[in-house]
Amino acid sequence: MQKENALFWPSQFDAQSELFPSRRETPDLGPEEIDHEMSFPKRKDRMKLSWLSQEGLEHFVRHYGADYEVLWLSACPKIRDLSPLGDLPGLKAVKLDYLRSADRLWDMSGNESLKMLSISDCKKLAQAPRMLQSAKGLEEVRLWGPTSGGTYTLESMEYFRDMRSLRRIDLNWIKLTDKGMDVLDTLPNLEEFHFDPGMLTTEEIAQIVAKHPNLVGDSLRAYDDEYMHIGEVRICGFRKPTLTLPRGQKRLEQYVREFEALVEKYRHMREYE
């Protein structure tokens with residue numbers, strides 16, 4: 001199921017935890033506008049900053065950032081350089097939303113407390129999340145494609161290699177150029193791996209299930225039941241159909257049998273490797 005981490009649900013942000021340009025003459029959130037807005041009562045643990053300029057990011061980090069554990073940068077197309085975020089050792093969670101100009105992450109080795117990163121509607125960052133491996137304590141990464149529909153293409157899973165602290169990876173509305181999954185062998189603490197039902201073939205999914213039986217994921221099974229409440233199930237696998245129940249019950253049972261047989265086949269093959 002495609003859900004954002006509860007830290008970034010809109011209900012978690014109110015007037016005291018949001019900054020955005022409020023004056024017509026300043027369409028971007030720059031240093032002067034930030035100081036003006038921060039003169040009013042604001043929360044000291046989380047902040048959503050919208051239409052932030054590059055100078056505004058640097059100013060906010062320098063003068064206010066040390067107080068915050070959760071930051072959400074939303075609709076900031078003028079930000080190109082995210083490196084100021086590296087100066088916030090107390091930062092625990094970051095969401096980047098619609099940052100179209102930024103083409104790389106930042107050196108996160110200084111973000112000693114960072115546990116969660118969500119990247120939404122940022123095409124360049126989704127395609128090649130460089131610097132991701134610099135986050136030594138990161139536990140959760142969620143990559144999202146475009147909110148307007150369609151998908152982005154992640155080059156490969158190599159960006160996650162040897163991230164031993166990772167516990168969860170979400171790839172929502174994401175395709176893969178290189179579908180190699182041996183990177184999963186280098187993630188000993190990974191507990192959850194979620195992706196769209198059609199991102200991999202049924203055979204590729206079955207291989208993951210056979211090799212990593214304790215890994216949990218909405219698409220690491222024969223079918224996705226997210227819409228079972230309206231009588232629909234999506235068969236997991238590239239170009240596999242959505243079935244309407246109860247009319248498609250027999251077809252569903254056949255797909256389940258075929259998937260279980262594939263998993264057993266790959267488990268058996270591993271025993272003789």
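Okay, hi everyone. Before I start, keep in mind that this is a predicted model.

Let's begin with helix α2, which covers residues 54–63. Which of its residues are buried? They are Q54, G56, L57, H59, F60 and V61. And what do those buried residues pack against? There are strands on the list, namely β1 at 18–19, β2 at 46–50 and β3 at 70–74, and there's also a helix, α1, at 31–38.

Now on to the sheet. Here we have three strands in an open sheet, and the order is β11-β12-β13, with antiparallel pairing. The edges are β11, residues 223–224, and β13, residues 242–244, and each of these pairs on one side only. As a quick reminder, strands in a sheet pair through backbone hydrogen bonds. If you follow β12, residues 232–235, you'll find three bridges joining it to β13.

Last stop, the second largest pocket. It holds about 250 Å³ of space. Thirteen residues line this pocket, and the ones closest to its centre are M181, E204, Q207, I208 and K211. So where does the lining come from? Helices α4, at 202–211, and α5, at 249–271, each give at least two residues. The largest share belongs to α4, with four residues.

Conventions:
Residues are numbered from 1 along each chain as its sequence is written. This is a predicted model: local features need pLDDT of at least 70, side-chain atom pairs count only at pLDDT 80 or more; totals for chains, interfaces and linings use all residues. Side-chain values use heavy atoms; hydrogens and water are left out. Buried means under 20% relative accessible area, exposed over 50%, partly exposed in between (1.4 Å probe, protein chains only). Contact means heavy atoms within 4.5 Å. Two strands pair if DSSP finds at least two bridges between them. On a 1 Å grid over the protein atoms alone, a cavity is a set of points where a 1.4 Å probe fits but cannot get out, and a pocket is an open set with protein on both sides within 12 Å along at least five of seven lines; lining residues have an atom within 4 Å of a point. Grid points are joined across faces, edges and corners, and a volume is the space filled by probe spheres set on the points.
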